[in-house]
Amino acid sequence: MSLQSNRSRLAGLSKELNRSWQDTRDQWLDQKRSEFEESYMLPLFDSVENAVSAMEDLDKILKKIRKDCET
């Protein structure tokens with residue numbers, strides 16, 4: 001699998017998890033839900049967003065390296 005396809009897969013799975021979390025969040029209405037969200041879900045989504053961004057940057061660098069090596 002290429003870096004780009006892995007990036008797309010990670011982003012897609014994160015969106016799917018976010019949708020599922022929203023469904024759960026709408027039904028879990030106590031303080032523990034808020035604590036869980038703050039402790040786990042929000043940091044997870046932030047980390048995935050950062051990873052996807054880094055993968056995009058890395059993909060650009062790898063494409064440039066490949067292009068430079070071919071010329």
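Predicted model: local features only at pLDDT ≥ 70, side-chain atom pairs only at ≥ 80, totals over all residues.

Reader: What makes the pair of Trp28 and Phe36 tilted?

Author: Two values settle that. The ring centres of Trp28 and Phe36 are 5.7 Å apart, and rings pair if their centres lie within 6.5 Å. Their planes stand at 45°; stacked needs under 30 degrees and edge-to-face over 60, so this pair is tilted. Trp28 itself is partly exposed, with a relative accessible area of 28%.

Reader: And what makes Phe36 and Tyr40 an aromatic pair?

Author: The centre-to-centre value for Phe36 and Tyr40 is 5.1 Å, which meets the 6.5 Å limit. With 40° between the planes, this pair is tilted too. Both residues lie in helix α2, four residues apart, or about one turn of the helix.

Reader: Why is Tyr40 called exposed?

Author: Its relative accessible area is 54%, and the cut-off for exposed is over 50%, so Tyr40 is exposed.

Reader: Which residues do the ring pairs link into a cluster?

Author: Trp21, Trp28, Phe36 and Tyr40. The structure holds four aromatic pairs.

Reader: How do you know that Ile61 is partly exposed?

Author: Ile61 has 48% relative accessibility. Exposed would need over 50%, so Ile61 counts as partly exposed. Ile61 lies in helix α2, residues 31-70, and together with Leu58 and Ile65 makes a nonpolar surface patch of about 260 Å².

Terms used:
Residues numbered from 1 in each chain as written. Heavy atoms only, no water. Patch = residues over 30% accessible without salt bridge, like charges linked within 9 Å, V, L, I, M, F, W, Y side chains within 5 Å. Areas by Shrake-Rupley, 256 points an atom, 1.4 Å probe, with all protein chains shown as cover. Salt bridge = Lys/Arg side-chain N within 4 Å of Asp/Glu carboxyl O. Helix = DSSP H or I, 4+ residues; strand = E, 2+ residues; numbered from the N terminus. Buried < 20%, exposed > 50% of the residue type's maximum accessible area, 1.4 Å probe, protein only. Phe/Tyr/Trp six-rings, centres within 6.5 Å; stacked < 30°, edge-to-face > 60°.
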